Structures are given as C-alpha cells and as structure tokens.
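Here is a short tour of a model you can turn around as you read. Take a moment to look it over, and then we can walk through it together.

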Amino acid sequence: SQEVLEEGAILLRGFARASAQTLVAAIESVSGQAAFRYMETPGGHTMSAAMTCCGELGWVTDRRGYRYTQNDPETGAPWPEMPRVFRELAVMAAEAAGFPGFAPDACLINRYRPGAKMGLHQDRDERDFSQPIVSVSLGLPLVFQFGGPRRSDRPLRVPLSHGDVIVWGGPVRRHYHGVLTLRRGAHPLTGDCRYNLTFRKAG
Ligand code: MD3
Ligand code: FE
C-alpha cells in the first residue's frame with residue numbers, strides 16, 4: 001500500500017517484508033566487515049543508536065563534525081560494498097514512489113536497542129538534494145517523528161514497523177525528523193533491535 005504523508009513523503013507499508021530475511025543477513029555481513037559503533041557528536045554526546053555504513057561513501061560523526069568518508073575511520077579500510085539486495089530494494093522503492101533512476105552511493109545502517117532514540121534533526125550533509133532518500137525499517141516497531149522545515153514545527157507521529165519503507169523527495173528532504181525511544185520487545189528476525197537503512201546519493 002502507498003500512503004502520502006505529505007507531498008514528497010511516500011510511505012510504502014511492508015515494501016521490504018519479502019526481502020527482510022536477506023536484508024538482515026546482508027546487515028550481518030556488512031557489520032562483520034565494518035562493526036556497529038556508537039559515534040560521538042561534535043557536541044560531545046554519544047549517539048544512542050549504533051551505526052555502520054556500506055557503499056562508496058559512509059556517514060560519520062566525531063568531535064570534528066559530520067561528514068561522508070570513503071573509508072571506515074575505525075579500520076582505515078573502504079566501507080563494505082553495498083549489498084545487491086540493498087541497492088535493488090532502494091531503487092525499486094524510489095521508482096514505486098515516483099523517483100526513477102535513483103543511484104544511491106551511501107547506505108547508513110542504524111541499530112536501535114531498547115532506550116535508543118534519535119532527536120529531531122535535518123539531513124544536510126549531502127551534495128545533491130534533488131535525489132530522494134529511501135529509508136527502510138526492520139525489526140521492532142517505533143514511532144517516527146516527521147516535522148517541518150523549522151525545528152519548531154510540530155512533528156507528525158508515524159508508527160513504523162517491520163518492512164516499512166519511506167521515500168523522501170523534494171522539499172520534505174530538508175524537513176526535521178527523528179525517532180522516539182525504542183521500547184523493549186522481541187522480533188522473530190532481529191531479536192531485541194530495530195534496524196534502519198537509509199539510502200542516499202551523498203557524493
Ligand atoms: C525525512 N534515521 O539516519 S529514517 C538518519 O529511523 C535518520 O534511523 C532515522 O534520520 C531512523 O538520518 C529516520 C527516515 C528518514 C531519513 C531521512 C530523512 C526521514 C527523513 C530525510 C529527510 C526527511
Ligand atoms: Fe535523518
């Protein structure tokens with residue numbers, strides 16, 4: 001099913017369900033090469049979601065700031081290749097939402113355990129804002145907050161569950177967003193966690 005949250009924000013409920021098992025196996029393969037880690041923000045806070053990346057570029061944060069890198073700063077090695085099942089899913093979702101020809105070069109993998117959250121923020125470290133972002137939720141459900149162009153805009157609360165995909169394109173690409181604290185639970189595929197895959201054209 002396809003639900004428009006706002007012009008340019010298209011929720012594809014369950015779009016990733018059929019490939020979820022393969023996606024989780026691919027997450028395990030990526031994190032075997034580039035381990036999940038808790039990154040530090042420029043302000044000195046530690047993020048409560050663990051992260052890793054795959055693709056040509058990976059998003060990192062440390063005391064020096066937010067940026068994209070070609071190499072994993074923990075190992076110095078290039079980020080793992082983007083698994084084919086990742087890329088195919090992201091391209092199909094973008095196309096289904098009206099963005100043909102999506103060419104992601106970066107995938108950030110967020111792992112939330114109970115208690116983890118992500119405060120309202122904008123994604124603005126990418127070069128090309130004409131390309132959409134595709135986000136994929138796997139495992140435990142949580143509540144996503146979809147705000148407006150200003151931090152003070154009251155966010156819409158959208159429950160996201162296993163297999164849900166959202167495509168963000170056009171002006172909403174710059175909107176504030178975040179997720180509320182993950183509640184404890186047990187998912188047959190992911191156990192006590194939620195994964196979020198975020199596909200971007202960063203370079
Ligand atoms: C709306 N991740 O990694 S994905 C992030 O669930 C991030 O892990 C959240 O925000 C998560 O930056 C939310 C949904 C998402 C991603 C990018 C967006 C929503 C967005 C960019 C613009 C507007
Ligand atoms: Fe974000």
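Which residue in β5 is the bridge partner of G58? In β5, G58 finds its bridge partner in T69.

## About the model

This is a predicted model, in which local features need pLDDT of at least 70, side-chain atom pairs count only at pLDDT 80 or more, and totals for chains, interfaces and linings use all residues. Residues are numbered from 1 along each chain as its sequence is written, while chains are lettered from A and ligands numbered from 1 in the order in which they are written.

## A hairpin and an open sheet

Let us stay with that pair of strands. Strand β4 (residues 58-62) and strand β5 (residues 65-69) pair in the antiparallel sense over five bridges, and they form a hairpin with two residues between them. Strands here are DSSP runs of E, at least two residues long, numbered from the N terminus, and two strands pair if DSSP finds at least two bridges between them.

Elsewhere, four strands make an open sheet, ordered β7-β12-β9-β10, with antiparallel pairing. Because β7 (118-121) and β10 (156-160) stand at the edges with a single partner strand each, one side of each is left without a neighbour in the sheet. On average, neighbouring strands of this sheet are turned by 20° against each other, direction ignored (axes are lines fitted to C-alpha atoms, and angles run from 0 to 180 degrees between N-to-C directions). Strand β9 (residues 142-146) pairs with β10 over five bridges in the antiparallel sense; there, V158 of β10 is the bridge partner of F144.

L197 is found in strand β13. L197 is buried, as 24 other C-beta atoms lie within 10 Å; the cut-off for buried is 20 or more such atoms within 10 Å, with C-beta atoms placed from the backbone. Leaving aside neighbours within four places in sequence, L197 is in contact with F86, C107, I109, S135 and V136, contact being C-beta atoms, placed from the backbone, within 7 Å. L197 and C54 are 143 residues apart in sequence and 10 Å apart in space, C-alpha to C-alpha.

With the same exclusion of neighbours within four places in sequence, C107 has contacts that include C53, C54, M82, F86 and L197.

## Around ligand 1

Of the 15 residues around ligand 1, N110, D123, S135, H177 and N196 come nearest; a residue counts as near if its C-beta atom, placed from the backbone, lies within 6 Å. Strands that each supply at least two residues of this shell include β6 (106-112), β8 (133-139) and β13 (194-200).

Definitions and conventions
Contact = placed C-beta atoms within 7 Å. Buried ≥ 20, exposed ≤ 12 C-beta atoms within 10 Å, placed from the backbone.
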